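Hello,

Here is the structure I promised to pass on. Please open it first, then read my notes below.

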Amino acid sequence: MTDFVNQNCMHDHTCGQLRAADCDTQVTLTGWVWHNRDHGGLIFIDLRDRDGYTQVVVDPDCVTPEEFATAEHLGREYVLQVTGKVRMRGEDAVNPNMATGEIEVLASSLSVLNTSVTPPFSIEDGIETDETTRMKWRYMDLRRPEMYANLKLRHDVAQAMRKALNERGFLEIETPILANSTPEGARDYIVPSRPNPGKFYALPQSPQQFKQMLMCGGVERYYQIARCFRDEDLRADRQPEFTQLDVEMSFVKDEEVMEVMEGVTAEVLAAVGVEHEFPLQRMQWKEAMDRFGCDRPDVRFGMELIDITEEVKDCDFKVFTGPANSGGVVKCICAKGAGDWSRGDVEKLAEVAAENGAKGMAWIAYTTDGEEKSPIIKFLGDEVHAAIKAKAGAEAGDLLLFAADTYPVASAVLAALRLRMAELLDIPREGHALLWVVNFPMFAYDEEEDKYSAEHHPFTMIREEDIDKIESAPLECGSYSYDLVMDGFEAGGGTIRIHTAELQRRVLARLGLADEEIDEKFGHLLRALELGAPPHGGIALGLDRVVMLLAGKDSIRDVIAFPKTSSAADPMTGAPNEVSQRQLKEVSLKIL
């Protein structure tokens, strides 16, 4: 660690800093009591700060009787200041698991800077305390070395991002937190305006429109490590407030944006000691969907989707022939090593399939002793079954899992089953794998809302050859879009933007917005596009998610200092909480 102490500090070294070369040096340390032990008249204290641990020895012959009595009655997490001389430990006392394990400090004085009640959990790595308890006492949780390491990693990643972008001519510019409400795919957090009764701000879901207007303002290269807010249901890699690296460039095409961001990503990974080959693979969206069932594939293992629609379209199994002959698909995955699973274990997987839209789940198991077990083989016929087995490359010991439905549903079902099987079979997924998924469709059809939606967002540039299809065949429209995928997660998403007002109006109208709503919600952007907006594009990387993956964690809550629970609550402060009637009256609100 870089030395951050100075003459005005209460210490002159950190608890993780001292080594054998510091022997005979007089030092002053501060920190928390991690462990303390009484060994035959000598008190041993493991003193901890954010940099590590140092063993302190308190000898009654080297301190005052009052100081020794203090050392005898220390509690865990007491805050100490210790002065003493560094000395080598005996050979049999060296601790190879501690960076400071060769030395110890013989105290000549010590004082308690603060006491502590019994901590709610041990300040150790790998504790089994439930997450809600850890979040309620988050300031204690942050004392654990792994939590501090996560925050340090987050800092290092953010600083490397800034450095790489600064060197490429970008300006860091802040955009408003109090903004207008615009539909961007999730619910807004709204904020009442006291000076404007009955009117509201919205917290930004992203700085999207502001950064586009910065391009209209001639800034040309912008970035921001931006706080964003979305009122949506949470999961392990989502929070109501999150942080993203937001980037925008003028006079660029999609390839240039990806090349710049690859350079930035390479520098960020190098800064935190992660090796990865560049340039990154570019995978077409359709290829990702065909092979992996999703647009954020984890390519660190196989078990790819196999299309057997042609093989089964004429068989006698209606579960397959129905979708195969009505525009749907029949696909499967081959899970090697699961062929001997019990029928009960296999059928538990139907829960995963159902959660992703399947009406059921067909399967065939090939046991290691040569049996073929399945409730569907008798409906397929020998010829069709043989064709399926050959195309899937199934062997003894393998399990085939099927999905027969529309293309989106079958893809989602098998994508989820693929990840679940990788987990259950403990398939190695070592290191990190980054790639670009490119050329997404412009539009998708929302069955629940009975209207078209934007696959990325409504400001995405449609491929030139598809612009004439906006009104007549929207689902055939492609887009200039690119997602950075890391280890099966969307690390970032970007597009080239629409830069003419006329085309932007057409896209918003295709999404079902009336002229009045377009002007009300997006008039500011359209006016900017009318005044010589340059071609521009950009990307946003999820800082929380990237750090989570680099830290090897399963939840972004482990890399955020003060996160929310899955119900968007903060157990530590009690937020969200009630406010007084006076506060409500000031902003012209009443709770019904």
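The protein has 592 residues, and 47% of them count as buried. Buried means under 20% relative accessible area, exposed means over 50%, and partly exposed lies in between (1.4 Å probe, protein chains only).

A word on the source. This is a predicted model, where local features need pLDDT of at least 70, side-chain atom pairs count only at pLDDT 80 or more, and totals for chains, interfaces and linings use all residues. Residues are numbered from 1 along each chain as its sequence is written, and side-chain values use heavy atoms, with hydrogens and water left out.

Now the overall picture. The C-alpha trace spans about 90 × 75 × 55 Å along its principal axes. The protein has 17 helices and 22 strands. These are DSSP runs, numbered from the N terminus: helices are H or I with at least four residues, strands are E with at least two.

Next, one residue. Asp46 sits in strand S2, which covers residues 42-49. Is Asp46 buried or exposed? Asp46 is buried, because its relative accessible area is 8%.

The Asp46 side chain makes a polar contact with the side chain of Arg37, at 3.1 Å. A polar contact is a pair of N or O atoms within 3.5 Å; within protein, one must be able to donate a hydrogen and the other to accept it, and residues adjacent in sequence count only if both atoms are side-chain atoms.

Leaving out residues up to four places away in sequence, Asp46 touches Trp32, Val33, Trp34, His35, Arg37, Thr54 and Gln55. Contact here means heavy atoms within 4.5 Å.

Best wishes
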